Amino acid sequence: EVIIKHVKELSVNKRALVDENSRQSATIEKTILLVIVVLLLFSTFLARHLYRSISRPIEELNNIAAGFSTGELGIMMNESRNDEFGMLAKFFNNSIKKLNYTSQSLLDRSYQLQAEQSFTKTIIQSMPGLFYLIEKDNAKLKRRNDNWRLITGYSEDEIDKMTALDF
């Protein structure tokens, strides 16, 4: 009977230990599940933040490049970021500034050339008699005054096809 009593006590102790282990296992499982949920939420938040931090500058660059391709040279990127996108924005903005400068220089030079051409044409037209400039390679009349048509009697088309040696 003492043995049976000890066996019963051992059995009760064993059940208590098994129940305690089961509770601890359940608690551990819940804790692990909670940690997994928290990590998933954190990962989702981090992924969303990374996506936005990369996609927004790329979208901005894309919009600026689209405007740039249509001749819009007044757009600038935000240079305030302290990362690779900030560096890219500085390089891109610098390129736009240089292109603006070059474009303006070409436009200024074009106006200057137009004014010089107009001045040269006025001088050539004001010359008395026949005045002409010929091309070195083929002796074609490069520039001439209108007196050629009046004095020679040839039409504009005929004169355009002639060389200096034809006169």
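The model is predicted.

**Helix H2.** H2 covers residues 84-126, which is 43 residues. From first C-alpha to last, H2 reaches 62 Å, close to the 63 Å expected at 1.5 Å a residue. Asp83 caps the N-terminal end of H2. Its buried residues are Gly86, Ala89, Phe92, Asn93, Ile96 and Ile124.

**A patch on the surface.** Ile28, Ile32, Ile36 and Leu40 form a nonpolar patch. Together they have about 380 Å² of accessible area. Ile36 sits in helix H1, residues 2-69. Its relative accessible area is 43%, so Ile36 counts as partly exposed.

**Two loop residues.** Ala139 lies in the loop between strand S1 (132-134) and strand S2 (141-144). Its phi is near 60 degrees, a positive value in a residue other than glycine. Ala139 is buried because its relative accessibility is 15%, under the 20% cut-off.

Asn145 belongs to the loop between S2 and helix H3 (147-152). Asn145 is buried, with a relative accessible area of 0%. Beyond its neighbours within four places in sequence, Asn145 is in contact with Ile124, Gln125, Met127, Gly129, Leu130 and Phe131. Ile124 is also one of the buried residues of H2.

| Side chain | Backbone atom | Distance |
|---|---|---|
| Asp83 | nitrogen of Phe85 | 3.1 Å |
| Asn145 | oxygen of Met127 | 3.1 Å |
| Asn145 | oxygen of Gly129 | 2.9 Å |

Key. Residues numbered from 1 in each chain as written. Predicted model: local features only at pLDDT ≥ 70, side-chain atom pairs only at ≥ 80, totals over all residues. Heavy atoms only, no water. Helix = DSSP H or I, 4+ residues; strand = E, 2+ residues; numbered from the N terminus. Expected span 1.5 Å × (residues − 1). Buried < 20%, exposed > 50% of the residue type's maximum accessible area, 1.4 Å probe, protein only. Polar contact = N/O pair within 3.5 Å; in protein donor to acceptor, adjacent residues only side chain to side chain. Patch = residues over 30% accessible without salt bridge, like charges linked within 9 Å, V, L, I, M, F, W, Y side chains within 5 Å. Areas by Shrake-Rupley, 256 points an atom, 1.4 Å probe, with all protein chains shown as cover. Salt bridge = Lys/Arg side-chain N within 4 Å of Asp/Glu carboxyl O. Contact = heavy atoms within 4.5 Å.
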